[in-house]
Amino acid sequence: MMFKKEVGIYMAHFKLLVIMVVIFIAGSLLAIENEECYECHSDPELTAERNNREVSMFVDNKKIMNSIHKELDCVACHVEADVEELPHEEVLDQVNCGDCHEEAQEKFDSGIHGWALSKKMNYAPTCKECH
């Protein structure tokens, strides 16, 4: 009797594991690949207007491949760019580094730089400016 119960529990866990793997694989198949991002963002002439000024939307793949984030998909940070059909919306939310770097974000927020940024002070740095 005990054996059947244990087998049942293991089978339930196995089924749950299989479902999770299928969901993970399906999710990663739907995600936009970096190559699709580079179709536009590898163009050094690609620009957009932000706050009444022209800014580059160029992404230097060499820099990315030499960074700690080289294994990540672009849409891991730029979640709103993970759309079914390109192009994505022109204006995306600012990347929130704290989504992955919680401890660093807490230290930043509690320091002078985070305070200055929260007050929207001129020249208050973001993560990107130093990293």
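Begin by selecting N34 and L72: a polar atom of the N34 side chain lies 3.3 Å from the backbone oxygen of L72. This is a polar contact, that is, a pair of N or O atoms within 3.5 Å; within protein, one of the two must be able to donate a hydrogen and the other to accept it, and residues adjacent in sequence count only if both atoms are side-chain atoms.

The model is predicted, so local features need pLDDT of at least 70 and side-chain atom pairs count only at pLDDT 80 or more, whereas totals for chains, interfaces and linings use all residues. Residues are numbered from 1 along each chain as its sequence is written, and side-chain values use heavy atoms, with hydrogens and water left out.

**Stop 1**

N34 belongs to helix α2, residues 34–41. Helices (H or I, at least four residues) and strands (E, at least two) are DSSP runs numbered from the N terminus. Is N34 buried or exposed? N34 is buried, because its relative accessible area is 12% and buried means under 20%, exposed over 50% and partly exposed in between (1.4 Å probe, protein chains only).

**Stop 2: the nonpolar core**

Next, select A31, I32, C37, V75 and A81. These 5 residues form the largest nonpolar core, a core being a set of buried Ala, Val, Leu, Ile, Met, Phe, Trp, Tyr and Cys residues joined through side-chain atoms within 4.5 Å. Centre the view on C37: when residues up to four places away in sequence are not counted, C37 touches I32 and C74.

**Stop 3: the hairpin**

Move to residues 47–50 (β1) and 53–56 (β2), which pair in the antiparallel sense over 4 bridges; strands pair if DSSP finds at least two bridges between them. Which residue in β2 is the bridge partner of R50? That partner is R53. The two strands form a hairpin with 2 residues between them, and N51 in the turn has a positive phi of about 50 degrees. N52, in the loop between β1 and β2, is not a glycine and yet has a positive phi of about 65 degrees. Most residues other than glycine have a negative phi, and most peptide bonds are trans. N52 is exposed, with a relative accessible area of 74%.

**Stop 4: the loop between α4 and α5**

Select P87, in the loop between α4 and α5. The peptide bond from L86 to P87 is cis, with omega near 10 degrees. Continue to Q94, in the loop between α4 (74–77) and α5 (102–110). Q94 is exposed, its relative accessible area being 65%. A distance drawn from the C-alpha atom of Q94 to that of C77 spans 9.3 Å, although the two are 17 residues apart along the chain.

**Stop 5: helix α5**

Show the side chains of K107 and E103, which meet in a salt bridge (3.6 Å, N to O). A salt bridge is a side-chain nitrogen of Lys or Arg within 4 Å of a carboxyl oxygen of Asp or Glu, and the structure holds 1. K107 and E103 are separated by about one helical turn because they are 4 residues apart in helix α5. K107 is exposed at 59% relative accessible area, and E103 is exposed at 56%.

Q105 lies in this helix, α5. One polar atom of the Q105 side chain lies 3.3 Å from the backbone nitrogen of G98. Neighbours within four places in sequence aside, Q105 is in contact with N96, C97, G98 and C127.

**Stop 6: K120**

Select K120, found in the loop between α6 (112–118) and α7 (127–130). Its phi is near 55 degrees, a positive value in a residue other than glycine. K120 is exposed, with a relative accessible area of 73%.

**The whole chain**

Finally, zoom out. The chain has 7 helices and 2 strands, and from the N terminus its elements run α-α-β-β-α-α-α-α-α. Of its 131 residues, 13% count as buried. Among contacts between residues at least 6 apart in sequence, 29% join residues at least 24 apart. The chain exposes about 11700 Å², of which carbon and sulfur atoms supply 59%; accessible areas come from the Shrake-Rupley method with a 1.4 Å probe, and for residues only the protein chains shown count as cover.

Key
Contact = heavy atoms within 4.5 Å.
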